[in-house]
Amino acid sequence: MIRLYDTMERRKKEFTPADPKRITMYVCGPTVYGRAHIGNARPAVVFDTLARLIRHHYGADSLVYARNVTDVDDKIIAAAEAEGVGYRVITERYYHNYMEDMGALNVLPPDFEPRATAFVTRMVDMIQRLIDTGNAYVVEGHVLFSVTSDPGYGALSRRDREQMVAGARVEVAPYKRDAADFVLWKPAGQSAQHVALSWESPWGKGRPGWHIECSAMIEAFADSRGQGETIDIHGGGLDLIFPHHENEIAQSRCAHGGVPLARHWVHNGFVDMGAEKMSKSLDNVVGVDALLAAGHKGETLRLALLSGHYRSPLPWTEGLVAQAKATLDGLYRTVGDAKAGEPDNGVLDALADDLNTPLALSRLGGDRIRAELADEGILLEDGPEGTSWRRA
């Protein structure tokens, strides 16, 4: 049995797929306008680990894992304009960079990798359904979702109205009926890049908003697996709970007659630089490519990302990487002579208990690795969100 913390219910619960032979997991992937930093790598590593666990538990062919690529975004347009190149030059370059960097961390490619630009027709269809049901409205070339039309809005993030308006991080435009309403479709801008990255629609030429992309791609993903409108797991970083996932839930539920978007919601914590979340907007990022170029092995970086419980904040420091290397060296010394085969039950039990990777590493190495790490000043510590390594 696998138990996972469900963000919607705020508790750990048994993972119960609709069909154990046809499990679906969708994780929000990269927006391809720049190199990935180590914080971007955490969800890729975490959900790769979860995918491997599910396949071990239910069978190699049990899971179909989708991770989308956002290749339509204002930041992509800005990057293309800054370089004087077409937007596809930007998206292709950074998509391939992302796949190379994640591959270096031994992250397996997903089974289904939908790109937003390939699903615009489905997005337009979903938006029209929301207009027809009274959940969306057209104004000045925009289509907006009416938050007040969905009584269940806010269930995932559990924010009050003032928090939701402030946290949406969008301009309270005069054409909105309600300050919390969010964009499903926006009109094309005037520059050549804006025009290139736009499509015809019943509401004029433009492009989709960010949130509708995932709802439409999940709909296509679920359809392709015969899952109806509900997938088994939706995952991503903690920062996506609001507004992105909250908005996905609302528009998908309203487009599908009240059917839930996902059975389980799983979110990983931030990688931070001490007091702040690692973020390109804060200019405090550590690139995966830079870490690899500095001589750190991908397996060391992967283990560093798994050294803390996935729901806990992970401060990224030189000490963390050194600690991961010491842990990895100890594991190699411990299991170097072991034959390949079935993992230890203690390791599997730890992973099945909400992906407790620190405890799994401890059980993998046993008393020897505990002693060796203690000699290095590294101790195993239990906390409210799982087990983690810390320096004494």
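In which hand does α2 pass α3? I looked this up and found a right-handed crossing. A reminder to myself before going on: this is a predicted model.

**Entry on α2 and α3**

I took helix α2 as residues 74-83 and helix α3 as residues 87-104. Their axes come within 8 Å and cross at roughly 110°. Angles from 65 to 115 degrees count as roughly perpendicular, and α2 and α3 are therefore roughly perpendicular to each other. Next I listed who touches whom: from α2 I noted Ile76, Ala79, Ala80 and Glu83, and they meet Tyr87, Ile90, Thr91, Arg93 and Tyr94 of α3. Sorted by class, this contact has six nonpolar, one polar and two charged residues.

**Entry on α4 and α8**

I then turned to helix α4 (residues 120-132) and helix α8 (residues 241-255), which pack at an angle of about 70°. I wrote down 9 Å for the distance between their axes. That angle makes α4 roughly perpendicular to α8. On the α4 side I found Met126, Arg129 and Leu130, which meet Gln251, Cys254 and Ala255 in α8. I sorted these residues too, and they divide into four nonpolar, one polar and one charged.

**Entry on Asp48**

Is Asp48 buried or exposed? I first placed Asp48 in helix α1, which covers residues 38-58. Its relative accessible area is 2%; the cut-off for buried is under 20%, so Asp48 is buried. I also wanted its contacts, leaving aside neighbours within four places in sequence: my list for Asp48 reads Pro43, Tyr65, Asn106, Val107, Leu108 and Arg302.

**Entry on β9**

My last stop was strand β9, residues 231-237. How many of its seven residues are buried? I found seven of seven, so I noted the strand as mostly covered. I followed its pairings next. Strand β3 (residues 23-27) runs parallel to β9, and three bridges join them. Here I picked out Tyr26, which stands opposite His234 in β9. Strand β10 (residues 262-268) is also parallel to β9, with six bridges between the two. In that pairing I noted Gly237, whose bridge partner in β10 is Asn268.

Methods
Residues are numbered from 1 along each chain as its sequence is written. This is a predicted model: local features need pLDDT of at least 70, side-chain atom pairs count only at pLDDT 80 or more; totals for chains, interfaces and linings use all residues. Side-chain values use heavy atoms; hydrogens and water are left out. Axes are lines fitted to C-alpha atoms, for helices over the stretch in contact, and angles run from 0 to 180 degrees between N-to-C directions. Helices (H or I, at least four residues) and strands (E, at least two) are DSSP runs, numbered from the N terminus. Angles under 35 degrees count as roughly parallel, over 145 as roughly antiparallel, 65 to 115 as roughly perpendicular and the rest as oblique. A crossing is left-handed if the near helix is turned anticlockwise from the far one by less than a right angle, and right-handed if clockwise. Contact means heavy atoms within 4.5 Å. Ala, Val, Leu, Ile, Met, Phe, Trp, Tyr, Cys and Pro count as nonpolar, Asp, Glu, Lys and Arg as charged, and the others, Gly among them, as polar. Buried means under 20% relative accessible area, exposed over 50%, partly exposed in between (1.4 Å probe, protein chains only). Two strands pair if DSSP finds at least two bridges between them.
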